[in-house]
Amino acid sequence: MNITSKTIMNYISNFFSGLWAFAGKYSILFLMFLTPIHPLLYTIYILLIFDLITGVTKALRSKEAITSKRMRDTIIKFVFYSIAVFIAFQVDITLFSAVALYLSKLVGGYIILIEFQSNIENISTITGVDLWMMIKDKVVAFFDTKLKDAAEIKDDSKDDK
């Protein structure tokens, strides 16, 4: 039996074509499976990209070195945040329901808050404005207004009696 290089190349080509088709089909199935948590994942990924952009800008403004280790941290966070949300999703499906997604939302929400805080800190450093204090002041003022309104409504209902 004479095996030519053309036969070997055809075999390799067919193998990789089949492998790509197989991987493509199962990738689509996997992505369909993740559909309930894709808003969480998208939000995390967007915040990670913004964190990278604001982190690099902060480093440039403060004349810090931009190292490959710090850039690698973003990739590591991308992978492990995805794994954490996926694991929470699996636990949700197994223990609770694929509809409520309690644990997935809790884990994803915590990660989103961490990345949001990181972005706010970077932006505060870049602009020189303490955004945390601005946000805190706005939130406190909002709740003070709501509490005063609720107290006035309660007082008005007592006066009607």
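**View 1. S104 is a buried residue, because its relative accessibility is 0%.** Here buried means under 20% relative accessible area, exposed means over 50%, and partly exposed lies in between, with a 1.4 Å probe and protein chains only. The model is predicted, so local features need pLDDT of at least 70 and side-chain atom pairs count only at pLDDT 80 or more, while totals for chains, interfaces and linings use all residues. Residues are numbered from 1 along each chain as its sequence is written, and side-chain values use heavy atoms, with hydrogens and water left out. S104 belongs to helix α4, where helices are DSSP runs (H or I, at least four residues) numbered from the N terminus. Leaving aside residues up to four places away in sequence, S104 touches I37, L40, V85, A88, F89, D92 and G109, contact being heavy atoms within 4.5 Å.

**View 2. Helix α2 covers residues 38-61.** Its 24 residues reach 34 Å from the first C-alpha to the last, close to the 34 Å expected at 1.5 Å a residue, a span defined as 1.5 Å times one less than the number of residues. Among the buried residues of α2 are L40, L41, I44 and D51, and what covers the buried residues of this helix includes α3 (68-95) and α4 (102-127). Just after α2, K63 takes a positive phi of about 60 degrees.

**View 3. F22 and Y26 both lie in helix α1 (residues 5-33), four residues apart, about one turn of the helix.** Y26 counts as partly exposed, because its relative accessibility is 47%.

Technical notes:
Helices (H or I, at least four residues) and strands (E, at least two) are DSSP runs, numbered from the N terminus.
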